[in-house]
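Colleague: Could you take me through this structure step by step, beginning with how its strands pair?

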Amino acid sequence: MGKIRAVCISEKKGTQKKNVHQAEFIQDWGIKDDAHAGKWHRQVSLLSYDKIEAFRAKGAEVEDGAFGENLVVEGFDFAALPVGTKFRCNDVLLEMTQIGKECHHGCAIFQKMGDCIMPREGVFARVLHGGVIHQGDELTLAE
């Protein structure tokens, strides 16, 4: 079981996401008003709070959403789970579709730190059933 620590969106691609504390998840689309929503396999991005905290301990000054993540979740090591894993939060049902992504080395985090955790720790999911997720809600593995 995990806990939602932040719910982040960005209105334009290429900009840092901001914590909006709650969002509407739309089936087969993604998060309402998020620039990365659409009919594709990377509708929602998730990143472990614990991995972000470890990166911060190395001196990274990053806010929630800095890696482009939509959901910051405490209690899960997402990269250790297989593609196809399903998560439930309230009415929302997510299915993990991809682990990591290629990072462009021009990103501000990589330039400052010489490293970025999103390419190996971030995961992507599609929305199988919509609803609303709030900061503080519980995320569980779904059967």
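Modeller: Please keep in mind throughout that this is a predicted model. Strands E3 and E4 pair in the antiparallel sense, over 2 bridges.

Colleague: In E4, which residue is the bridge partner of Ile26?

Modeller: Strands of a sheet pair through backbone hydrogen bonds, either parallel or antiparallel. Here E3 and E4 take the antiparallel arrangement, and the residue in E4 that is the bridge partner of Ile26 is Gly30.

Colleague: Which are the edge strands of the open sheet?

Modeller: The open sheet is formed by 3 strands, with antiparallel pairing, in the order E4-E3-E10. An edge strand pairs on one side only, and this applies to E4 (30-31) and E10 (131-134).

Colleague: How many residues does the largest nonpolar core have?

Modeller: Strands that give two or more residues to this core include E1 (2-9), E3 (22-26) and E5 (44-48). Among the residues with the most contacts inside the core are Phe25 and Leu46, and Leu46 touches, among others, Leu71, Val73, Phe78 and Leu94. A second, separate core has 10 residues, including Tyr49 and Val62, whereas the number for the largest core is 22.

Colleague: Why do the buried residues of helix H1 line one face of the helix?

Modeller: Helix H1 covers residues 49-57, and its buried residues are Tyr49, Ile52 and Phe55. Seen down the axis of H1, they line one face because they fall within an arc of 125°.

Colleague: At the start of H1, which residue has its backbone nitrogen reached by a side-chain oxygen of Ser48?

Modeller: The side-chain oxygen of Ser48 comes to within 3.2 Å of that backbone nitrogen. The nitrogen belongs to Asp50.

Technical notes
Residues numbered from 1 in each chain as written. Predicted model: local features only at pLDDT ≥ 70, side-chain atom pairs only at ≥ 80, totals over all residues. Heavy atoms only, no water. Core = buried A, V, L, I, M, F, W, Y, C linked by side-chain atoms within 4.5 Å. Buried < 20%, exposed > 50% of the residue type's maximum accessible area, 1.4 Å probe, protein only. Helix = DSSP H or I, 4+ residues; strand = E, 2+ residues; numbered from the N terminus. Contact = heavy atoms within 4.5 Å. Arc of directions from axis to C-beta. Polar contact = N/O pair within 3.5 Å; in protein donor to acceptor, adjacent residues only side chain to side chain. Pairing = 2+ DSSP bridges. Lists of a residue's contacts leave out its neighbours within four places in sequence.
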